[in-house]
Amino acid sequence: PLAYIDLEMDGHIDMLFCDPDWNGKGIASRLFREIERHAFKQGIRNLTVEASEGARPVFAHWGFATLHRRDFERGGIATHNYAMAKALAP
């Protein structure tokens, strides 16, 4: 696939991927708009995500607010991401 997004039933976006060759062409944005519409129809009013450093500006562009930075270790390597959220409106 060129891109995919995974929305959990509680409004958490678990995964977002776009083939690097297709970055900046609007594919992920189109997928996200569809996820927003689907979530709202399902009664979900808030979306959440843990965004990587690289994904944080993308989610911010889509209207997500940064709640806080999450620092943790994975396999003995220090890393971080950002808890972000967006309220959905009709």
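User: What makes Tyr4, Met15 and Phe17 a nonpolar patch on the surface?

Analyst: Together these three have about 260 Å² of accessible area, worked out by the Shrake-Rupley method with a 1.4 Å probe, with only the protein chains shown counting as cover for residues. A patch takes residues with over 30% relative accessible area and no salt bridge, joining nonpolar side chains (Val, Leu, Ile, Met, Phe, Trp, Tyr) within 5 Å and like charges within 9 Å. A salt bridge means a side-chain nitrogen of Lys or Arg within 4 Å of a carboxyl oxygen of Asp or Glu. By the way, this is a predicted model: local features need pLDDT of at least 70, side-chain atom pairs count only at pLDDT 80 or more, and totals for chains, interfaces and linings use all residues. Residues are numbered from 1 along each chain as its sequence is written, and side-chain values use heavy atoms, leaving out hydrogens and water.

User: Why does Phe17 count as partly exposed?

Analyst: Buried means under 20% relative accessible area, exposed over 50%, and partly exposed in between (1.4 Å probe, protein chains only). Phe17 has 33%, so it's partly exposed.

User: And why is Asp19 called partly exposed?

Analyst: Its relative accessible area is 22%, so the label is partly exposed.

User: How do you know that E4 and E5 pair?

Analyst: Strands (E, at least two residues) and helices (H or I, at least four) are DSSP runs, numbered from the N terminus. Two strands pair if DSSP finds at least two bridges between them. Strand E4 (residues 65-74) and strand E5 (residues 77-87) have nine, in the antiparallel sense. Arg69, for one, stands opposite Tyr82 in E5.
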